[in-house]
Amino acid sequence: MPERLFVCTPSKLGTFIDCPRRYRYSYVDRPTPAKGAPWAHNSLGASVHTALKNWYALPADRRAPDALPSLLRATWVREGYRDVEQERGTYRAAMGWLKTYVAGLDPLAEPLGVERVVATKTSVLAFNGRADRIDARDGEAVIVDYKTGRSGLDADDARGSQALALYAWAAQKVFRRPCHRVELHHLPSGTVAAHEHTEESLARQVRRAEETAQDIVAAERAVAGGADPDAEFPVNPGSLCSWCDFRRVCPAGQEAPVREPWAAVEHLGS
Ligand code: SF4
């Protein structure tokens, strides 16, 4: 029998790389262990992403900054904020980012895809992922990923992102055109961090993804064969623990400093 392909998204692979125990809690243990409260920064990110998706769904002649208030209001996710005042302040900040951002976009330029799922396979994995935007520029596809976090990003972040590389690799297959450029669009600062991949650097990231997939399959098989799940999916304590959905159920996470659900938006919401 041929080996079954490991079905994965960038977030599934990234979760295992960050912390195998978090991977187990997210994808293996059923029922899924109880998660902590929703995070305000996730609400903010989802709201902004959906508003931009819907901006591109408008006819080109209506893609203007004055369309944004109704788009953001319609997609605004309210979970995780400390209070209404903080939520309103964050909404105002998000609206400001979006106005600046869309003012720099060509409303007539139709991307190849917006929140577009790209999927492809190797001999080891079946990959699928939803890219925020895939632009068509000079005969090539360009991967665009929106970021709304506090800290800015640089070219090293774009170069090192396995998710962006996998999107580029899959986009080449799906659109049958070259795709080497990946970009992180940081809305709070209005900056773009970019990297030009080569065929070799894309192939390297695909090989790494395959190795991660093989590690995950080996751990899952070991557990199915009776091995200790805690040993096969070890904890990886660090700064991520305070932001981990499973902090309260994880022995290592309980040692980490507690963050309020709104901690990452506190600077925006007053
Ligand atoms: S709390 Fe830390 S060690 Fe535990 S699952 Fe989350 S990231 Fe991993």
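The shell around the ligand takes at least three residues from each of domain 1 (6–36 + 209–247) and domain 2 (38–110 + 248–270). Bounds like these come from an automatic or database domain assignment. What you're looking at is a predicted model, where local features need pLDDT of at least 70, side-chain atom pairs count only at pLDDT 80 or more, and totals for chains, interfaces and linings use all residues. Residues are numbered from 1 along each chain as its sequence is written.

**The ligand shell**

- 15 residues surround the ligand, and the closest are Cys19, Cys241, Cys244, Cys250 and Gly253.

- Besides domains 1 and 2, the assignment for the protein chain gives domain 3 (113–206).
- The centres of domain 1 and domain 3, taken over C-alpha atoms, are 24 Å apart.
- 11 residues of domain 1 are in contact with 12 of domain 3, where contact means C-beta atoms, placed from the backbone, within 7 Å.
- On the domain 1 side, β1 (6–8), α1 (10–18) and α8 (199–224) each give two or more residues. The largest share, four residues, comes from α8. Helices (H or I, at least four residues) and strands (E, at least two) are DSSP runs, numbered from the N terminus.
- That side of domain 1 divides into seven nonpolar residues, three polar and one charged.

**The nonpolar cores**

- The largest nonpolar core has 34 residues, and Ile143, Leu164, Leu166, Tyr167, Ala168, Ala170 and Ala171 touch the most other members. Such a core is a set of buried Ala, Val, Leu, Ile, Met, Phe, Trp, Tyr and Cys residues joined through C-beta atoms within 7 Å.
- Buried means 20 or more other C-beta atoms within 10 Å of a residue's own, exposed means 12 or fewer, and partly exposed is in between, with C-beta atoms placed from the backbone.
- Elements giving two or more residues to this core include β3 (125–137), β4 (140–147) and β5 (181–186). α7 gives the most, with eight residues.
- Domain 1 and domain 3 both give residues to this core, so it lies between them.
- Leaving out residues up to four places away in sequence, Ala168 touches Ile143, Cys179, His180, Val182, His197 and Leu202.
- Another core lies apart from this one, with 20 residues, among them Ala51, Leu98, Leu187 and Trp262.

**Helix α1**

- Pro10, Lys12, Leu13 and Phe16 are buried in α1. These four cover an arc of only 165 degrees around the axis, which puts them on the same side of α1. The arc is that of the directions from the helix axis to the C-beta atoms.
- The buried residues of α1 pack against β1, α2 (20–28), β3, α7 and α8.

- Arg30 and Pro31 are joined by a cis peptide bond, with omega about 0 degrees. Pro31 sits in the loop between α2 and α3 (40–57).
- Glu115, in strand β2 (residues 113–121), has a positive phi near 45 degrees without being a glycine. It counts as partly exposed, with 17 C-beta neighbours inside 10 Å.
- Asp138, in the loop between β3 and β4, isn't a glycine either, yet has a positive phi of about 50 degrees. With 7 C-beta neighbours inside 10 Å, Asp138 counts as exposed.

Note on methods: Two residues are in contact if their C-beta atoms, placed from the backbone, lie within 7 Å. Ala, Val, Leu, Ile, Met, Phe, Trp, Tyr, Cys and Pro count as nonpolar, Asp, Glu, Lys and Arg as charged, and the others, Gly among them, as polar. A residue is near a molecule or strand if its C-beta atom, placed from the backbone, lies within 6 Å of it.
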